[in-house]
Amino acid sequence: MDTNYKDLRLKEYNEFISVVERLGFMTLSNNCIGFPNLENMTEEDQWHTELPFDPWRWRVNIEKDKKAAYGKLFDKKPGYISLEWYPKFFAARRKRRSFMDMYEDGLMSIYAKQIYELFNEDSILAVHEIKAMAGFTKELNSKYESAMIELQMGMFITVNGAKQKISAKGEPYGWPSTAYSKVETWAKEIVILSDNINPDDAKKEILLRIEEIVPDAQQKKVNRFLGI
């Protein structure tokens, strides 16, 4: 790839989709290895305008339109993975292990288990629903945040739209709340593709792409960035 992504300036949503698909994955903002990110490809005055060229809207639309996954996917921070590359990340991170496999190996916390067990095959749960159902009080908010990152980085749950809060009177109020589902619920057909991908081969391919884009990235930081 010979594109200088540092010089790109995105003005349209479709341009953003094209870049994500060409790269395979990218982050929302600056990251520890200097990988291309949306913040650096846009102008500051584009953000939070609620207009079509607002990148804050794009992060929602790209997931809703099933053009890429969105969530805390890189170094515990938000990013995107294209549909082509998603099975590779799924294979590399999950290594054909179930949630309980990883939990029993001490790789997932009890708080992550509490949250994961809320989801069945069809569940799409908003932040406020998850906290209420799992009993996360304000005092436990940091535990909730850490557990949600574990589940997203481990590719067990993913952002899946948003839900409106409903009052006791049955009336909507406030801003819509980010919703999540199991990865299999969001894109079962894509996940199935990962069954035929060797986890080690997938990891090598991901590392090669990073080397192509950021050849001087330190391996220790790359490992932190990927979580694999």
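Accessible areas here come from the Shrake-Rupley method with a 1.4 Å probe, and for residues only the protein chains shown count as cover. On that basis, the chain's accessible surface comes to about 12,200 Å², with 49% of it belonging to carbon and sulfur atoms. The model is a predicted one, so to speak of local features takes a pLDDT of at least 70 and side-chain atom pairs count only at pLDDT 80 or more, while totals for chains, interfaces and linings use all residues. Residues are numbered from 1 along each chain as its sequence is written, and side-chain values use heavy atoms, with hydrogens and water left out.

As for overall shape, the C-alpha trace spans about 55 × 45 × 35 Å along its principal axes. Buried residues (under 20% relative accessible area, 1.4 Å probe, protein chains only) make up 45% of the 228 in the chain.

Helices (H or I, at least four residues) and strands (E, at least two) are DSSP runs, numbered from the N terminus.

Then there is T158, found in strand β5 (residues 157–166). T158 counts as buried because its relative accessibility is 4%. Leaving aside residues up to four places away in sequence, T158 touches (heavy atoms within 4.5 Å) a set of residues including A69, Y70, Y86 and W186.

Methods. Buried means under 20% relative accessible area, exposed over 50%, partly exposed in between (1.4 Å probe, protein chains only).
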